[in-house]
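Subject: Structure handover

Hello,

Here is the structure we spoke about, with notes on what turned up in it. Please have it open while you read.

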Protein chains: 2
Amino acid sequence: MTANTPRFTKIAAGLPSTVPFVGPEAQERTRGKLFRARIGANENCFGPAPSVIAAMQSAAGEMWKYCDPDNYELKQALAAHLGLSAANVVVGQGIDGLLGVATRLFVEDGTPVVTSLGAYPTFNFHVAGSGGRLVLVEYENDKESLGTLLEAVRRENAPLVYLSNPDNPMGSWWTSNEIVEFMSALPSTTMLLLDEAYGETAPQGVLPPANLIRPNVLRFRTFSKAYGLAGLRCGYAFGDADVIANFEKMRDHYGVNKMAQVAGLAALHDQAYLKKVVERIVAGRRRIAEIAVANGLVPLPSATNFVTIDCGSDGIFAKKVLDGLLARDVFVRKPMAPGLDRCIRISVGLDYELDIFAEELPKALTAARS
Amino acid sequence: MTANTPRFTKIAAGLPSTVPFVGPEAQERTRGKLFRARIGANENCFGPAPSVIAAMQSAAGEMWKYCDPDNYELKQALAAHLGLSAANVVVGQGIDGLLGVATRLFVEDGTPVVTSLGAYPTFNFHVAGSGGRLVLVEYENDKESLGTLLEAVRRENAPLVYLSNPDNPMGSWWTSNEIVEFMSALPSTTMLLLDEAYGETAPQGVLPPANLIRPNVLRFRTFSKAYGLAGLRCGYAFGDADVIANFEKMRDHYGVNKMAQVAGLAALHDQAYLKKVVERIVAGRRRIAEIAVANGLVPLPSATNFVTIDCGSDGIFAKKVLDGLLARDVFVRKPMAPGLDRCIRISVGLDYELDIFAEELPKALTAARS
């Protein structure tokens, strides 16, 4: 753009034009061949419940109607599920979409925002898009460091701090008690965005009670992970009703698609299927850990639908392992932040996909070592 | 919120907490009964093509996968359809979502943005959300006034101007030549957002050629209207590749749901069905116009999937007619801006819905006159 073309905002003009969001499909196009195992994006390979698939199929012919902009039925069902009032809940286009709105509510040019170096990149993308200044603190023992986050919040007088529990990309977690203690230690003027995307796959005692509502905490959950609906973009946030009401000012009111409303509602009603899927995810984590151990690597404990594996050396070595797996048609990803980058991250896959991983990992390790 | 709770941005704090987006479902909940005719939201009652429904049903089980963040296949198909390169196209969450991104690219606190008083409220909502200052010009003879828009752009040195062609809520249009003349008269530093949501239902000679690309024009189209997929949130913008590239900085990369990608692609490939639907929409417009005339009212010419009807008096009278129809279980809407508010707006419906409209309109008129 020159001086004679329309002028972007100061913030937009300052943003990088390339972004870190490369899907497996783009990699397949570059490679010129398909992956044999899709175990890199923390998707739920077991898919949505048969009852949910049937609900979607049945609703396909209704997609000419705009969605209900209030997300009324789904919001009511979520509120009942959480033991909250509907006024405590907002439904959005996945956690991504909701983090975008939350960011625009709290972040303007120069606002300091605290998060962990290596945590969720889409949040950072939203903060940058609002002109925020990211304050990045290091992980500690492969966990987001509550103490360091708190120090940074206080030092910067930050109105916003992001924490995921359980954590992506490390799979680690804090207990409910520790999280509540963190909430209590935060300045009342700091909003905590608590990302619980992997909440359903966590053991008892990790998630604070759903009805724990504070004026400076927003909690985020999704149908993308345990419910197996990543493609439909449906998540929700819950918190203090006065804070939740502010989402109305900025959210895209017709933005949650009608298929997501139908599928989300059906998924919420099929808790029996969810329970079975979570059992399969737990079994998948065990299998991935066994494969890691069999190859002399250290699987990190995980409360998510993936296992992060310490490759036992530095980031350069782990990158070679990753590249070796990709070259062998196994789609996986890895943490990139210093210290975390010694690991690769393997999502729970179908049995045949983990068989392929088990077969190809030793070859990728041998190649990386040579 | 008090001084002891997290601080919203200046812009967020200044926004109204109530919004104008009330869906027919909310009205049904308030009324305690369903509408008999849903002809108020400019939806396409004929629905998506059978081929599209089949594609959605077939893909339902795949919704556990994240969408391709590049929207590659759909973007390629759209580019081919438009006779453009994929670099000229961006796919988004409906025109609403794309207008949101475009607004954030060009609007910061205080930016003057020109549009017509009574034009698309969601665009105004986005502008307000970015702190923009709306400069509203009046319609002229029930059309967005190109001359007045241009004057306002020049007077305000506005970097952004919105125009829909064909127009919602009046159904009016400018010819391709007139639109191109308007583009040429605009300062090169002003970006035109040209909303062509109703482009497929317009007669020949209304849309400028698809390959007309200028550095200060972004054109928006959608699968929500003629393609009958409003519920899925899928639209696209096309324009200069350098401008389009900027959407990467701000868009929600995983935001277009996978079902929309599947359905959009299938819809684009079924142009025979589109042609038939457009014929039915044209026939529906004719029927609505006849009903209006039979009741002594004046239907405005329409290039869209609705007909705006001049009720022959003022806004108070038209509001009474609207309320009478709603009370008789007919969901319709009306323009609200002074001058335009003498009208009601009727979307093309199924035959039985237009039968109900034909039956209830005279009663609503009698009630309004009494």
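The model is predicted. In chain B, a salt bridge joins the side chains of Lys33(B) and Asp329(B), with 3.3 Å from N to O. The two residues are 296 apart, and the pair links distant parts of the chain. Lys33(B) sits in the loop between helix 2 (24–31) and strand 1 (37–38) of chain B, while Asp329(B) sits in the loop between helix 12 (315–327) and strand 11 (330–331) of chain B. Lys33(B) has a relative accessibility of 42%, so this residue counts as partly exposed. Asp329(B), at 12%, counts as buried.

Two other salt bridges in chain B are worth a look.

- Arg133(B) and Glu156(B) form one, their closest N and O atoms being 3.0 Å apart. Arg133(B) belongs to strand 4 (residues 133–137) of chain B and Glu156(B) to helix 7 (residues 146–156) of chain B, so the bridge ties together parts that are 23 residues apart in sequence. Arg133(B) is partly exposed, its relative accessible area being 39%. Glu156(B) also counts as partly exposed, at 22% relative accessibility; the cut-off for buried is under 20%.
- Glu62(B) and Lys65(B) form another through their side chains, at 2.8 Å from N to O. Glu62(B), at 32% relative accessibility, counts as partly exposed. Lys65(B) has a relative accessible area of 19% and is buried, because the limit is under 20%.

Over all chains, the count comes to 48 salt bridges. In chain A, some of the charged residues are linked in a network of salt bridges: Arg31(A), Lys33(A), Arg36(A), Arg328(A), Asp329(A), Glu359(A), Glu360(A) and Lys363(A).

The last item is helix 8 of chain A, which spans residues 176–185. Which of its residues are buried? They are Ser176(A), Ile179(A), Val180(A), Phe182(A) and Met183(A). These residues lie on the same side of helix 8 of chain A, because they cover an arc of only 155 degrees around the axis. An α-helix has 3.6 residues a turn, so residues three or four places apart point the same way.

Regards

Notes
Residues are numbered from 1 along each chain as its sequence is written. Chains are lettered from A and ligands numbered from 1 in the order in which they are written. This is a predicted model: local features need pLDDT of at least 70, side-chain atom pairs count only at pLDDT 80 or more; totals for chains, interfaces and linings use all residues. Side-chain values use heavy atoms; hydrogens and water are left out. Buried means under 20% relative accessible area, exposed over 50%, partly exposed in between (1.4 Å probe, protein chains only). Helices (H or I, at least four residues) and strands (E, at least two) are DSSP runs, numbered from the N terminus. The arc is that of the directions from the helix axis to the C-beta atoms. A salt bridge is a side-chain nitrogen of Lys or Arg within 4 Å of a carboxyl oxygen of Asp or Glu.
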